[in-house]
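Take a moment to look it over, then read on for a pocket and for the packing inside.

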Amino acid sequence: MLASTSQLVLRNIEDLSGKVLLVEPAADSLAQELIHQAPQLELSCYSTDTAVATNWQHSNVKLYTDVSPNFTDTFDTVVLFYPKSKEQLGFTLAQIKTAIGQQTQLFVCGDNKGGIKSLSSHAGKLGLSANKLDNAKHCLWFSLFGDFSQLADISASSFTISTAGESLILHSLPGVFNHGKLDTGTALLLDNLPQVSHGTVLDFACGCGVVGAMLKRKHPAIELFSSDISQLAVKATELTLAANGLSGRVIAADGLPDTPKLFDCIVSNPPFHTGIKTDYSIVESFIRQSAQRLAKHGSLTIVANSHLAYLELLQQAFKQVEVVAKANGFVVYRAH
Ligand SMILES: C[S@@+](CC[C@H](N)C(=O)[O-])C[C@H]1O[C@@H](n2cnc3c(N)ncnc32)[C@H](O)[C@@H]1O
């Protein structure tokens with residue numbers, strides 16, 4: 001199944017030539033389609049999403065997964081998929097600017113629902129210009145041009161939170177969940193963390209690392225694991241742990257990380273989106289797998305919007321489920 005944005009890339013395949021860099025594409029079969037329809041192209045992919053990188057790994061495409069990759073050469077064509085969060089556009093362009101030469105043709109593709117319609121004004125603010133070239137499949141295809149070398153490098157931003165009697169310095173990068181702010185649901189989770197004095201603890205879908213950092217601050221003897229599908233989140237979490245002098249293993253993984261096999265405690269504000277689309281399948285499999293990956297007497301604590309039907313999902317997978325707190329449209333559940 002191809003995302004609409006990928007279908008628009010194929011519709012404009014004539015625009016692609018030579019060495020092509022796909023930037024933050026969707027997790028679909030675009031690579032295989034491009035190889036099939038245009039075998040003369042030399043494909044590379046830059047993605048900070050672990051699921052996308054895994055998808056493109058099998059397709060004989062050169063992969064760049066570091067947040068700040070080291071490009072040794074420029075490309076003939078760059079196709080950038082418009083990011084979900086606006087501030088990520090300037091950030092991503094700055095990460096790839098050494099891959100853009102004088103002759104590079106840069107195209108931007110995005111879903112109308114993802115905000116691509118405002119690309120021209122957005123590009124203007126970055127000192128660039130955009131030209132709309134195609135409009136189909138509820139998506140737009142633009143060319144983007146200007147002096148990319150003038151784009152400023154954006155470093156991590158930091159902010160401090162004080163909650164539950166502790167304060168923490170949090171680091172974030174554009175594209176990380178709720179960039180630079182504490183989410184209301186996460187705040188409720190922080191006030192209702194499990195009492196866990198030791199053992200292996202996983203902060204699943206860690207974002208900027210706030211939940212795991214707070215657990216480690218409160219309970220220094222725990223062995224902390226933090227995981228997220230996004231390399232941007234992984235980098236932000238590493239910076240957050242370091243800024244607070246905390247230790248922990250930070251893992252890039254789609255779903256639960258493979259190791260360790262068992263956790264004494266899993267804590268999460270789990271995702272229910274893939275890109276701009278609502279996707280409950282992630283949380284369904286996360287809850288099911290958590291039940292299998294918890295040690296005897298282990299617990300799962302999650303926060304969710306109160307309109308989401310997580311209680312039923314938890315009751316299907318766990319013997320004992322309780323509502324620990326309810327406030328501001330969010331619920332914290334604990335399951336044993
Ligand atoms: C609601 S945010 C929570 C972030 C952070 N824990 C907080 O409370 O601020 C959900 C996180 O899930 C991550 N995510 C999305 N899909 C995922 C998947 N399949 N596996 C692991 N993490 C995923 C996102 O990158 C995002 O950081």
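The second largest pocket of this predicted model has a volume of about 260 Å³.

**The pocket and its lining**
- The second largest pocket is lined by 14 residues, and those closest to its centre are Ile 100, Gly 101, Gln 102, Gly 146 and Phe 148.
- Strand 5 (100–111) and strand 7 (139–146) each give at least two residues to the lining of this pocket.
- Strand 5 makes the largest contribution to that lining, with six residues.
- Sorted by class, the lining holds seven polar, five nonpolar and two charged residues.

**The largest nonpolar core**
- The largest nonpolar core has 34 residues, and Leu 193, Val 211 and Leu 215 are the ones that touch the most other members.
- Several elements each supply at least two residues of this core, including helix 6 (184–190), helix 8 (231–243), strand 8 (157–163) and strand 13 (263–268).
- Helix 7 provides the largest share of this core, five residues.
- Setting aside neighbours within four places in sequence, Leu 193 is in contact with Val 211, Met 214, Leu 215, Val 267 and Arg 334.

**A second core**
- There is also a second, separate core of 27 residues, and among them are Tyr 46, Leu 80, Tyr 82 and Ile 100.
- You have met Ile 100 already: this residue of the second core is also one of those closest to the centre of the second largest pocket.

Notes: Residues numbered from 1 in each chain as written. Predicted model: local features only at pLDDT ≥ 70, side-chain atom pairs only at ≥ 80, totals over all residues. Heavy atoms only, no water. Core = buried A, V, L, I, M, F, W, Y, C linked by side-chain atoms within 4.5 Å. Buried < 20%, exposed > 50% of the residue type's maximum accessible area, 1.4 Å probe, protein only. Helix = DSSP H or I, 4+ residues; strand = E, 2+ residues; numbered from the N terminus. Contact = heavy atoms within 4.5 Å. 1 Å grid on protein atoms, 1.4 Å probe; cavity = no way out; pocket = protein on both sides within 12 Å on 5 of 7 lines; lining within 4 Å. Points joined across faces, edges and corners; volume = space filled by probe spheres on them. Nonpolar A, V, L, I, M, F, W, Y, C, P; charged D, E, K, R; others polar.
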